[in-house]
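Let's walk through this structure together, one step at a time. Have the sequence and the 3D view ready as you read.

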Amino acid sequence: MSVAKYLMNMIPKPSNIICYHCQQSAEKYLKGFIALNGGQILKTHDFNYFK
């Protein structure tokens with residue numbers, strides 16, 4: 001989140017980049033929470049996943 005906070009001080013604010021970093025931060029947090037609680041992390045970005 002520190003990148004998003006840094007970008008908030010820019011003029012004009014790069015809102016699309018700020019949103020991207022916030023989304024990535026939330027995704028990593030949730031994956032960590034799932035893994036910590038014994039859940040399985042599915043690799044959906046694998047090209048062979050949908051075959």
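A residue is called buried when its relative accessible area is under 20%, exposed when it is over 50%, and partly exposed in between (1.4 Å probe, protein chains only). Leu-30 has 49% relative accessibility, so Leu-30 counts as partly exposed. Of the chain's 51 residues, 8% count as buried.

Before going on, a word on the source: this is a predicted model, where local features need pLDDT of at least 70, side-chain atom pairs count only at pLDDT 80 or more, and totals for chains, interfaces and linings use all residues. Residues are numbered from 1 along each chain as its sequence is written, and side-chain values use heavy atoms, leaving out hydrogens and water.

Now look at the overall fold. The protein chain has two helices and zero strands (DSSP runs, numbered from the N terminus: H or I of at least four residues for helices, E of at least two for strands). In the loop between helix H1 (2-7) and H2 you will find Pro-12, and the peptide bond leading from Ile-11 to Pro-12 is cis, with omega near -5°.

Next comes helix H2, residues 15-36, which is also where Leu-30 sits. Its 22 residues reach 31 Å from first C-alpha to last, close to the 32 Å expected (1.5 Å times one less than the number of residues). After H2 comes Gly-38, with a positive phi near 85°.
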